[in-house]
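This report describes the strand and helix arrangement of the structure shown below. Please read it alongside the sequence and the coordinates.

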Amino acid sequence: MNPFRPGRGVAPPVIGGRKAELGVLKERLDQLESGRMPSQDVLLYGPRGNGKTTLLIETRRRAEKRGLRVEGFPVDALVSRSALILELQERAGLVRDRVSGVQVGPLGGAVDRAPPTENAHELLAGWIQRTDEPLVIVVDEVQALVPEVGRPLFDAIQAAKARSHPFLVICAGTPDAPRRLRRAATHNERGFERIRIGRLERREATVALSKPAEQAGLPMEPAAALLLAEESHGYPYFLQLLGSAAWRVAEAEGAEAIRVDAARRGVAAARPEIEDFYAERLREAEERGTRPALLPLASLFRERSGGVGDAEIEALLDRVDIPGDGHWIALRTSLLDLGVLWEVSPGVWEMGIPSFAEHVIRRETVPPLEASAASAP
């Protein structure tokens, strides 16, 4: 059976190159299991398709195996205060017509029905303490967080750290997630260990390809794994997509292994889906009004063939003419949220999807002959 799983929310059988990240998460689970409040919560952030959700799924699996209670938190509750309160009420075991108490008079008892509290501090504490098992709260797509929701939620989390039994919050989001958490509450800068989730190194990428293939009974030759790893540029989503396509080619031929020829044909078979993926990013940039920035960025990154510094990014974005708020910081924020721009290390920037730059240059550059033909009567 094909072991590669391109898509969202489905963990591959082998998580390549995430030893350090999983080590941090293991340390937090160890603290929780031993009855200690974890030293910090965890934020996983990076461009889309780099495996943040995969790490959440794997952490959930490991936590549940230890007997810990794991509960997700829906995106809807991050963008609406009323949705947040309702979610916390439900998690705390309350309903809107709950019997909140009994008033006893001299001639008998009268039931006092009242709506449950809307105090986020009380509700969060009730959720955490609902059972004796330590709680792991998993929040995906945290970049959707708005300040009017984030402030009461994270203020309640900070308060609960001092008076509740142990719990852990693990968040994941796009490159804009750290800013969203900081806007919600300044103490989040200290309360979260922020872990960048970027592309894989070549060796890690080849392991992520060859190991699951071998385990599934159709080994991948080293040269084939290297070809696919280089084609993917270490981008985890493309690794799964290309690995799956090469597997299907070899399987259809009844081959005993995935060889270089099958890998090449797998690349060709996966190309339309990769192009669709790029096109979707362009459409989203168009909707956000940030598409004019893509070609200058792609050209700069291709010219440098590596990381670009803060000053150059600022100067480039400041020259881009976009509708609405034209300030370069607003443009950078939108590109971060889209996952097109990525601060791979402090002050060093890359394209969030490594091979996207070439696609943008192909699509956004019109050769002179084509331009003349298009304008001819």
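## Terms and basis

Two strands are taken to pair if DSSP finds at least two bridges between them, while helices (H or I, at least four residues) and strands (E, at least two) are DSSP runs numbered from the N terminus. The model is predicted, so that local features need pLDDT of at least 70 and side-chain atom pairs count only at pLDDT 80 or more, whereas totals for chains, interfaces and linings use all residues. Residues are numbered from 1 along each chain as its sequence is written, and side-chain values use heavy atoms, with hydrogens and water left out.

## The open sheet

An open sheet of 5 strands has the order β2-β5-β6-β1-β7, with parallel pairing. Because β2 (69-73) and β7 each have a single partner strand, they stand at the edges, and one side of each is left without a neighbour in the sheet. Direction ignored, neighbouring strands of this sheet are turned by 20 degrees against each other on average.

Strand β5 (residues 135-139) is joined to β6 by 5 bridges, and the two run parallel; the bridge partner of Val136 is Leu168 in β6.

Strand β1 (residues 41-45) is largely enclosed by the rest of the structure, because 5 of its 5 residues are buried, buried meaning under 20% relative accessible area, with exposed over 50% and partly exposed in between (1.4 Å probe, protein chains only). Asp41, Leu43 and Tyr45 point one way from β1, Val42 and Leu44 point the other way, and all are buried.

On one pairing, β1 is joined by 5 bridges to strand β7 (residues 192-196), running parallel, and Asp41 stands opposite Phe192 in β7. β1 also pairs in the parallel sense with strand β6 (residues 167-173) over 4 bridges, where Tyr45 stands opposite Gly173.

## Helix packing

Helix α6 (residues 147-163) lies across β1, β2, β6 and β7, and runs at about 150 degrees to β6; axes are lines fitted to C-alpha atoms, for helices over the stretch in contact, and angles run from 0 to 180 degrees between N-to-C directions.

Helix α10 (residues 222-232) and helix α11 (residues 236-252) pack at an angle of about 140 degrees, with their axes 9 Å apart. Leu228, Ala229, Glu231 and Ser232 in α10 meet Phe238, Leu239, Leu242, Gly243 and Ala246 in α11, contact meaning heavy atoms within 4.5 Å.
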